[in-house]
Each structure stands twice: as structure tokens, then as C-alpha cells.
Amino acid sequence: MTLDPEACAVSGDGRLRHGAALKFFYGPMGAGKSTLALQLDHNHGRQGRVGMLLTRFNRSGEAKISSRIGLGRDAVEVTDETDLRALVRERWADGGRVDYLVCDEVHFYTEEHVDQLADLVDHSDVDVYAFGLATDFRTALFPAARKLFEMADELVRLQVEVLCWCGRPGLLNARVVDGTVAREGAQFVVGDITEAAEEQPADVHYQVLCRRHHRTGDLGPLTTAAGQLRLV
Ligand SMILES: [Zn+2]
């Protein structure tokens with residue numbers, strides 16, 4: 001089997017360099033993070049590598065990495081108690097291979113999880129590809145995202161076009177509560193996941209805005225409010 005250097009560079013294959021790497025791919029909702037995660041896994045699989053897919057609070061409500069364009073693959077659901085190192089070692093103990101991890105929705109992971117991922121890279125030579133949001137609706141970094149910014153070998157800002165209603169690049173996720181951009185509230189009131197939370201107002205959705213309109217809270221013409229994306 002020959003390696004296509006260009007394809008490897010794009011997919012992040014670690015065999016063309018020395019040592020594994022921790023990569024963080026981040027972008028706003030709708031930037032195609034989960035789609036890219038699945039594409040990356042597919043590319044690595046074609047090159048004979050074996051990965052493990054992890055997710056947390058996926059939009060489908062199941063332990064899957066699923067994308068808005070209809071792709072999906074089963075994944076391991078991460079919880080607060082999950083030790084990612086143990087997870088990989090168990091797979092190895094069972095005779096399975098794990099060359100890399102694809103971690104979707106990584107903004108929902110804990111900082112401890114990010115430490116565990118760094119351990120896997122540094123001590124077990126497992127490549128880690130993490131995908132998630134950088135900031136919440138207040139433009140504050142998610143704890144796991146901050147940790148990844150501090151620790152990752154490579155940061156990749158996804159450039160898939162996500163536009164604000166004004167046409168500028170959509171950079172920030174706004175939480176819209178009853179038609180107004182929320183400025184405070186729990187970081188983790190996330191779409192469908194916390195439907196059980198009774199204190200949730202009647203109408204909460206997320207909308208990607210440019211920085212200007214996030215700051216001014218301008219949601220644009222009413223027609224754009226309908227059918228907006230839920231949080232990734
Ligand atoms: Zn705008």
C-alpha cells in the first residue's frame with residue numbers, strides 16, 4: 001500500500017511524522033465538524049488504520065457521531081466517569097487496535113478528559129482528533145476547549161462557510177431565548193439534551209452570528225429566525 005502524502009497531510013495521518021498528535025478542530029455550529037470527523041475516520045480507515053469514535057450528548061440522542069447531511073456511525077458515549085485511557089487499554093486488552101481517537105462534541109468533555117487524551121498521545125502514541133465548539137453562547141470558552149487551546153499540538157479553525165444573516169462569516173453561537181440573544185445562563189443548557197430541565201423557557205434556539213451582530217444582539221430579518229440550527 002502506498003501512502004498519498006497529500007491525502008495523509010489532509011487527514012492527519014501520523015505515519016508521515018514522528019509521534020502522535022493532539023489536534024483540535026473547532027468552529028461554530030454548522031461548520032461541518034461532525035461531517036469532517038466522519039470523513040477523517042473514513043480516510044484513515046482506507047489507509048488501514050483503526051480508530052475509536054467517541055462522542056458526548058450527540059444531537060441524535062444516541063451514542064453516534066452524526067452529521068446534518070445524514071452520515072452517521074456508532075460511537076462510544078463519554079460520561080464524566082469515563083477514563084479515556086482505560087477505554088483504549090481495554091480495547092487493546094481485548095485484542096483490538098486503536099491507532100487514533102475521533103472525539104466529537106469535545107466541548108462537552110471535562111478538562112480531565114483532555115488530560116487523558118494528552119496522555120494517550122504522549123505515552124501510547126495514539127493520535128487524537130478532537131472536534132467541537134470553542135465558545136459558548138456568551139462567547140466564553142468551554143473548559144475543555146480552553147484546555148485544548150492550551151495543550152493541543154495543532155489547532156484547526158474550520159473554514160466551512162457559515163454565514164451570519166448579514167453575510168459576514170458566522171463566528172459565534174448565540175442562544176436565543178424568546179427572541180432575544182441571551183447574555184447569561186447555564187453553559188450547558190443545550191438544545192434537546194436538557195429538555196427535562198423544567199426551567200427552560202418556551203423558545204430556546206441557537207443561531208450563528210457574526211461578532212458584530214452577536215455583540216449588538218441583532219438577529220436580522222424575522223424570516224431568518226425560523227429553521228435555525230440547534231447547537232451542534
Ligand atoms: Zn452579522
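**Exercise 1.** State which strands helix α5 lies across and which of its residues are buried.

*Solution.* Step 1: Helix α5 (residues 143-151) lies across β1, β7 and β8 and runs at about 130 degrees to β1. Axes are lines fitted to C-alpha atoms, for helices over the stretch in contact, and angles run from 0 to 180 degrees between N-to-C directions. Helices (H or I, at least four residues) and strands (E, at least two) are DSSP runs, numbered from the N terminus. The structure is a predicted model, in which local features need pLDDT of at least 70 and side-chain atom pairs count only at pLDDT 80 or more, while totals for chains, interfaces and linings use all residues. Residues are numbered from 1 along each chain as its sequence is written.

Step 1: The buried residues in α5 are Ala 144, Ala 145, Lys 147 and Leu 148. A residue is buried if 20 or more other C-beta atoms lie within 10 Å of its own, exposed if 12 or fewer, and partly exposed in between, with C-beta atoms placed from the backbone.

Step 2: These residues are on the same side of α5, because they cover an arc of only 160 degrees around the axis. The arc is that of the directions from the helix axis to the C-beta atoms.

Step 3: The buried residues of α5 pack against β1, α4 and β7. Two residues are in contact if their C-beta atoms, placed from the backbone, lie within 7 Å.

**Exercise 2.** Give the strand order of the open sheet and explain what sets its edges apart.

*Solution.* Step 1: The order is β5-β2-β6-β7-β1-β8, six strands with parallel pairing. Two strands pair if DSSP finds at least two bridges between them.

Step 1: At the edges stand β5 (76-77) and β8 (154-157); each has a single partner strand, so one side of each is left without a neighbour in the sheet.

Step 2: Inside the order, β2 (residues 51-55) and β6 (residues 100-103) run parallel and are joined by four bridges. Gly 51 has Tyr 100 as its bridge partner in β6.

Step 3: Helix α4 (residues 111-124) packs on the sheet and touches β1 (22-26), β6 and β7 (127-132), with its direction at about 150 degrees to that of β7.

**Exercise 3.** Describe the largest nonpolar core and the other core that lies apart from it.

*Solution.* Step 1: A nonpolar core is a set of buried Ala, Val, Leu, Ile, Met, Phe, Trp, Tyr and Cys residues joined through C-beta atoms within 7 Å. The largest one has 40 residues, of which Leu 101, Cys 103, Leu 117, Val 128, Tyr 129 and Ala 130 touch the most other members.

Step 1: The elements giving two or more residues to this core include α2 (33-46), α3 (84-93) and α5.

Step 2: Leaving out residues up to four places away in sequence, Leu 117 touches Leu 22, Leu 84, Cys 103, Val 128 and Ala 130.

Step 3: Another core, of 14 residues, lies apart; among them are Ala 31, Val 162, Leu 172 and Tyr 206.
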